[in-house]
2 protein chains.
Amino acid sequence: MKNYSICMIGFGNVGRAFAKLINRKAKQLSDEFNLSFSVVAIATGSHGRAINYSGINLKKALEISAENGSLDELSTIPIPESIQDFIALSKANFLIENSPVNYETGEPAITHIKATLANNMHAVSANKGPIVHAYEELIALALESEKQFLFESAVMDGAPIFSVFREALPVADIKGFEGILNSCTNLLIEKMEKGSTFEEAIAHAQLIGIAETDPSGDIDGWDASIKVAALATVLMGIPLKPQDVDRKGIRDLTPHLIQKAIQDGKRWKLVCTAEKSGGKITAKVAPQLVPSSSPLFSVNGTSSLVIFKTDVLPGLGILESDPSPETTAYGLLADILNILK
Amino acid sequence: MKNYSICMIGFGNVGRAFAKLINRKAKQLSDEFNLSFSVVAIATGSHGRAINYSGINLKKALEISAENGSLDELSTIPIPESIQDFIALSKANFLIENSPVNYETGEPAITHIKATLANNMHAVSANKGPIVHAYEELIALALESEKQFLFESAVMDGAPIFSVFREALPVADIKGFEGILNSCTNLLIEKMEKGSTFEEAIAHAQLIGIAETDPSGDIDGWDASIKVAALATVLMGIPLKPQDVDRKGIRDLTPHLIQKAIQDGKRWKLVCTAEKSGGKITAKVAPQLVPSSSPLFSVNGTSSLVIFKTDVLPGLGILESDPSPETTAYGLLADILNILK
């Protein structure tokens, strides 16, 4: 039985769900893969940091986190100031990067992943920022250090998007895609279909933790655009920045327009599209009127759907319903296990 | 550059599409995988058989097939009577099994695959029969001979169903699924929604090659049931026969019922479901009234959709639109390349 050590940056909802998942799957990992994991380092933004080479007691870490305490008390060694030094000192096999996404720069996640690869550790991340701001550089670093950098959960949480093409669909050339990739706006429109005002819909989405305090990243289409850019960059081989996406958010969608669509048997959706032609990608995020004959019509609540056009499969759709921190955590675990294959 | 040889059983629409696909992808296979394929043997039911260890001229084989001629003339050696001897004599690395599906016994495909594995060749098949009638036996034989038996195209053509769980989603436990898996009945219902009678709908489906001369395998839910059984057997680890599926076809769906559903904003669909509980699988194929809020609602024409419930992803859907012999052929090629990984 081989034990692999993990360093976690971030111990929020996803980090905690990951800790619970590896605990729940411990027997299956041992039986099927003959391996076990121990988390030897956790760094949080404002709830302390710990390193314990024998493995941090995750039950205790979860308790401390639930009580809003500091993880410092779990550390068995003094903790360095800089996060790069922390990553190096963790001496882990894997880093799991869960810092908050930064649409403009991709930092500090890029710095974390660089430090990881420089220390000969594999990097796994749910963060979209590094993909659209530093994909080529990070993949080059990974190749150089003979380690891997995977990021399944960056788009559609744990649903297999990057891995399905990487692991299961050899020689498939993606010509384009369309989809609904932003849960928050999809939920907001649905609330307005059911009679809420824009403000009521946002208040509801914030209450259930789907919308941020400042929801403009979702509402103005930035989150959808960064996902389109990530898919294009990784799967279609042409680096794209969120700024390259022709982007329009949902601010002009009035409850009146939304009700009118429903009466006509249609629904407004924030639709993402990308199309490759002549070595260039044309990408767009904009509200569209979707008829009931479209697979996008029945993408409800926080579900997502992306349909790829490829040269071998003309229409391959991946649908994810009921996403949660648990599904994102599974994407992180799947990345680790796919690296170990 | 490594060359791999292929023996093909069957040279119908799918076999011919496969021959064209490996030709179209030759440069990409050489560039990305450093490999090439040559088809060294083809056996058909009534259009002859050929073996040529230097590689059969596929352009000629396609011409002969288009003219309804016999492939015998392409053989450079005498051809044995028995198909087992033919397979052995092919000395190929891979067998591609494309004989017609037999719902009751899975033969002769099972015999072909056994002969393949016994001769230390990998077996790849688009045939559902062997999965539901001999899966455990064939996998045991494959293990014994240290070769592989893959069958991605057996359900939903080349869409990644088996491979996505095998290659991309480690430790995901499937608790159940629902879906639309039979293209023919889905198309028939759609034609009736648009005003056709049952008979007119069948005539249309036969004209475009979707329905057989005797369409009862589709209409009575056998094709859907065999697919449900294949998914349960392979992905949920509990062998299921088509006879174990609680099966109801679409014969009771009158144009009146179908029109009434449309007026109510709903659609009749032949829905497949499977649920695991207490080590047993309860599986069903039956017409269901589907509301527009369901992802099954917008599965049009010959498209398919299956949504898996797993312990790590509560709702993961795979959608395939516009299936064709080309998408089935891609599934065969994907299997071969996944074996070679």
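Trainee: Which residue stands opposite A:C7 in β2(A)?

Mentor: In this predicted model, A:C7 has A:A41 of β2(A) as its opposite residue. To read such a pairing, one asks which strands are joined, by how many bridges and in which direction. Strand β1 of chain A is joined to β2 (residues 35–43) of chain A by eight bridges, and the two strands run parallel.

Trainee: How many bridges join β1(A) to strand β4 of chain A?

Mentor: Four bridges link β1(A) with β4 (residues 94–97) of chain A, again in a parallel arrangement. Within this pairing, A:M8 stands opposite A:I96. As a general idea, side chains in a regular strand alternate between the two faces of the sheet.

Trainee: Why is strand β1 of chain A described as largely enclosed by the rest of the structure?

Mentor: Burial is judged residue by residue, with under 20% relative accessible area as the cut-off. Six of the eight residues of β1 (residues 2–9) of chain A are buried, and therefore the strand is largely enclosed by the rest of the structure.

Trainee: Where does B:S196 lie, and is B:S196 buried or exposed?

Mentor: B:S196 is found in the loop between α8 (183–193) and α9 (198–207) of chain B. Its relative accessibility is 14%, so it counts as buried. Apart from neighbours within four places in sequence, the contacts of B:S196 are B:K191, B:A201 and B:P255.

Trainee: How many salt bridges are counted between chain A and chain B?

Mentor: There are six salt bridges between these chains. One of them pairs the side chains of A:D311 and B:K25, at 2.5 Å from N to O.

Trainee: Which strand of chain B is joined to β12(A), and in what direction do the two run?

Mentor: Strand β12 (residues 315–321) of chain B is joined to β12(A) by seven bridges, and the two run antiparallel. Here A:I318 stands opposite B:I318.

Notes: Residues numbered from 1 in each chain as written. Chains lettered and ligands numbered in written order. Predicted model: local features only at pLDDT ≥ 70, side-chain atom pairs only at ≥ 80, totals over all residues. Heavy atoms only, no water. Buried < 20%, exposed > 50% of the residue type's maximum accessible area, 1.4 Å probe, protein only. Contact = heavy atoms within 4.5 Å. Salt bridge = Lys/Arg side-chain N within 4 Å of Asp/Glu carboxyl O. Pairing = 2+ DSSP bridges.
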